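Here is a short briefing on one protein. Keep the structure open beside the text and look up each residue as you read.

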Amino acid sequence: MSRPPLHILEPTLINDAGHCFTICRALAEAAAQKGMEVRIWAGRRVDPGLIGGKRIRCIPHFDRALRRPQLHLLLRRLLRGGERILVPTAGRPELLAFALLPERLRRLGLAYFYVHQMRMEGNRFRRLQRIARRAPETPILTTTEALAEAIGQAGFRTVACQPCPFTLPEEPPKVVPFRQLIFPGVARMDKNLPLIAELIALLQRQRRAIPFLLQAGPNHHGEYAADVATLLERIRAVGYPHLTMPGRTLEGKAYFDQFPGAICLQPYRVREYADKISGITLDALARGCPVIVRAGIQPAGLVARFDAGVVIDSDDAACWLDAIDRVIADYVAFQRRCSDACAWLREHHSATALLDAMERMA
């Protein structure tokens, strides 16, 4: 007998770049393997064939400017039909869209919200408390225990932690020689692009010859923040001859191909990433790519646990270059420890485990 369908609501999904694609694909494939029909409600510009399979359908739906009222209306429509729903990258707006529905309607179906990060300082926590008072029964899953605890303290009663799922390679990573530094994903200020600019300038001053791949494409809306655009021009002006700056975000195979033989740099800012999971960290370690990461952010714990890179408590470019030299000098050993991390990730960051956690909350 087929199981009830699962509706995945991801308004920002428009292509195969970014963490929202990785998690949606992993969840859809795991749900299909469990015998569920899967409907992914994505951005209206998405290719319907982006995530496909025998039981999987991708539906263009959300307009960028209207996505919040559209989400509210879609939740209303699906819950009225008694459907099962997952919002895989939820925050306060998504929780509020659910809480504003009448309680009798909320109880007709099952809606789950997976929260990856949520800042709690000042009024943000009070706003969350107000949402909890309206819908304390909202089923919420989180990526970390600390986040689950904070959301529970706000007044939500059904909260559980389940590590973030992602797509693992079919085979364990192979040992290959070092070939490049990488700064994956969209270049942003919260990822500490200024430090990357200083590091590239330092490489040029010291006449180093370390290949560096820096993605310089716009965000998934095709836009650059003004400060990011200015900084990218400054980086180009340095003239480091071993720097490659593709003007687009790497997608699909090109994205995953950057990791083998690389060192991934994650100098992300502590304020934004203290409790925020990074899909890039997971993708790097699972593909044998050591990570150099800023101390105090969530990905640092995973890197330190397996000694699969270096954790740095500094924003000084010279310290980062010293760490790069250390990893290059012992690259094979660091790479082998990434294999240990990959085995652990395969067990703990499973999309099937997240679906099982949802069923336990029902």
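**Surface and overall build**

The protein has an accessible surface of about 15800 Å², and 50% of that belongs to carbon and sulfur atoms. Keep in mind that this is a predicted model. The points below go from the whole chain down to single residues.

**The whole protein**

- The secondary structure comes to 15 helices and 13 strands.
- The radius of gyration is 21 Å, close to the 21 Å that the globule rule gives for 362 residues, so the protein is as compact as a globular protein of that length.
- Along the principal axes, the C-alpha trace spans about 65 × 45 × 35 Å.
- Of the 362 residues, 55% count as buried.
- Take the contacts between residues at least 6 apart in sequence: 73% of them join residues at least 24 apart.

- In what order do the six strands of the open sheet stand? The order is 10-9-8-11-12-13, and the pairing is parallel.
- Strand 10 (243-244) and strand 13 (309-312) stand at the edges. Each has a single partner strand, so one side of each is left without a neighbour in the sheet.
- Strand 8 and strand 9 pair in the parallel sense over three bridges.
- Strand 8 is also joined to strand 11 by three bridges, and these two run parallel.
- Strand 11 (residues 262-266) in turn runs parallel to strand 12 (residues 291-294), with three bridges between them.

- Are the faces of strand 8 covered or uncovered? Both are covered: Gln 180 and Ile 182 are buried on one side, and Leu 181 and Phe 183 are buried on the other.
- Ile 182 has a partner on each of two strands: Leu 213 is its bridge partner in strand 9, and Cys 264 stands opposite in strand 11.
- Cys 264 carries the pattern on, with Val 291 as its bridge partner in strand 12.

**Gln 180**

- Gln 180 lies in strand 8 (residues 180-183).
- Its relative accessibility is 12%, so Gln 180 falls under the 20% cut-off and counts as buried.
- Which residues does Gln 180 touch, not counting those up to four places away in sequence? They are Pro 211, Leu 213, Gln 258, Gly 261, Ala 262 and Ile 263.

**Strand 4 and its partners**

- Strand 4 (residues 84-90) is mostly covered, with six of its seven residues buried.
- Strand 1 (residues 3-9) runs parallel to strand 4, and three bridges join them.
- In that pair, Ile 8 stands opposite Leu 86 of strand 4.
- Strand 4 also pairs with strand 5 (residues 110-115) in the parallel sense, over five bridges.
- There, Ile 85 stands opposite Ala 111 of strand 5.

- Most residues other than glycine have a negative phi.
- Asn 192 has a positive phi of about 65 degrees, although it is not a glycine.
- Asn 192 sits in the loop between strand 8 and helix 7 (193-205).
- Is Asn 192 buried or exposed? At 6% relative accessibility, Asn 192 counts as buried.
- Arg 207 also has a positive phi, of about 55 degrees, and is not a glycine.
- Arg 207 is in the loop between helix 7 and strand 9 (212-214).
- Arg 207 has a relative accessibility of 76%, which is over the 50% cut-off, so this residue counts as exposed.

**Asp 340**

- Asp 340 is placed in helix 14 (residues 331-348).
- Its relative accessible area is 46%, so Asp 340 lies between the 20% and 50% cut-offs and is partly exposed.
- How many residues apart in sequence are Asp 340 and Tyr 224? They are 116 residues apart in sequence, and 37 Å apart in space, C-alpha to C-alpha.

Methods:
Residues are numbered from 1 along each chain as its sequence is written. This is a predicted model: local features need pLDDT of at least 70, side-chain atom pairs count only at pLDDT 80 or more; totals for chains, interfaces and linings use all residues. Side-chain values use heavy atoms; hydrogens and water are left out. Helices (H or I, at least four residues) and strands (E, at least two) are DSSP runs, numbered from the N terminus. The radius of gyration is taken over C-alpha atoms; the globule rule is 2.2 Å times the number of residues to the power 0.38. Buried means under 20% relative accessible area, exposed over 50%, partly exposed in between (1.4 Å probe, protein chains only). Contact means heavy atoms within 4.5 Å. Accessible areas come from the Shrake-Rupley method with a 1.4 Å probe; for residues, only the protein chains shown count as cover. Two strands pair if DSSP finds at least two bridges between them.
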